[in-house]
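Thanks for coming. I will go through some salt bridges and then the core. Please have the structure in view.

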Amino acid sequence: MPETPEGLLARLAAAGVAAETRHHPAVFTVAESQDLRGTLPGGHTKNLFLRPAKGDGPFLLATLEESRQVSINALARLAGSGKVTMGSAEELMGVLGLTPGSVTPFGLVNAPPERIRFVMDAGLMRHARIWVHPLVNTASTGLAPQDLLGFLAGLGHETRLLDLDGA
């Protein structure tokens, strides 16, 4: 059974992670998120769930600054993966326990480390706080990027930070 948002937030608190969660109507795009949040300070993200094009190797989860423009194959090359395509809704649920629109690095609570590779835009590290969904797209959780990486490392998930400025 996939982790619940409440269970995730309890796990963050138990790990000593200072996080703030704001509830809002469901958002499915960066534009919808921008319209709702107003001037909420911090780094705002978008997430891509990608599968290997030939079916071999781990899935790829990428957390990027919301304004970042990069081709998925350039992203995959930087991540050390082969060619990729967008993962299906069924794969997203099967691997991360998430539905479309709710893709988040917190989905890694539901995945064994060998099943998925996680990469994050190094540009997000310059923010005191970044915002990601807490397993659902009806809320956003803000936390320090290093706290996110530490929490994920505690689950056995390594993060590869990608310098995407030249990509």
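Start with Arg51 and Glu91, whose side chains meet in a salt bridge at 3.5 Å, N to O. By salt bridge I mean a side-chain nitrogen of Lys or Arg within 4 Å of a carboxyl oxygen of Asp or Glu. Arg51 sits in strand β2 (residues 43-52) and Glu91 in helix α4, so the pair ties together parts 40 residues apart in sequence. Helices (H or I, at least four residues) and strands (E, at least two) are DSSP runs, numbered from the N terminus.

This is a predicted model: local features need pLDDT of at least 70, side-chain atom pairs count only at pLDDT 80 or more, and totals for chains, interfaces and linings use all residues. Residues are numbered from 1 along each chain as its sequence is written, and side-chain values use heavy atoms, with hydrogens and water left out.

Arg51 is partly exposed, with a relative accessible area of 28%, and Glu91 is partly exposed at 24%. Buried is under 20% relative accessible area, exposed is over 50%, and partly exposed is in between (1.4 Å probe, protein chains only).

Next, Asp121 forms a salt bridge with Arg68, with the closest N and O atoms 2.9 Å apart. Here Asp121 is buried at 0%, and Arg68 is buried at 14%.

Now the core. The largest nonpolar core has 27 residues; such a core is a set of buried Ala, Val, Leu, Ile, Met, Phe, Trp, Tyr and Cys residues joined through side-chain atoms within 4.5 Å. Phe49, Leu96, Phe106 and Ile116 have the most contacts inside it.
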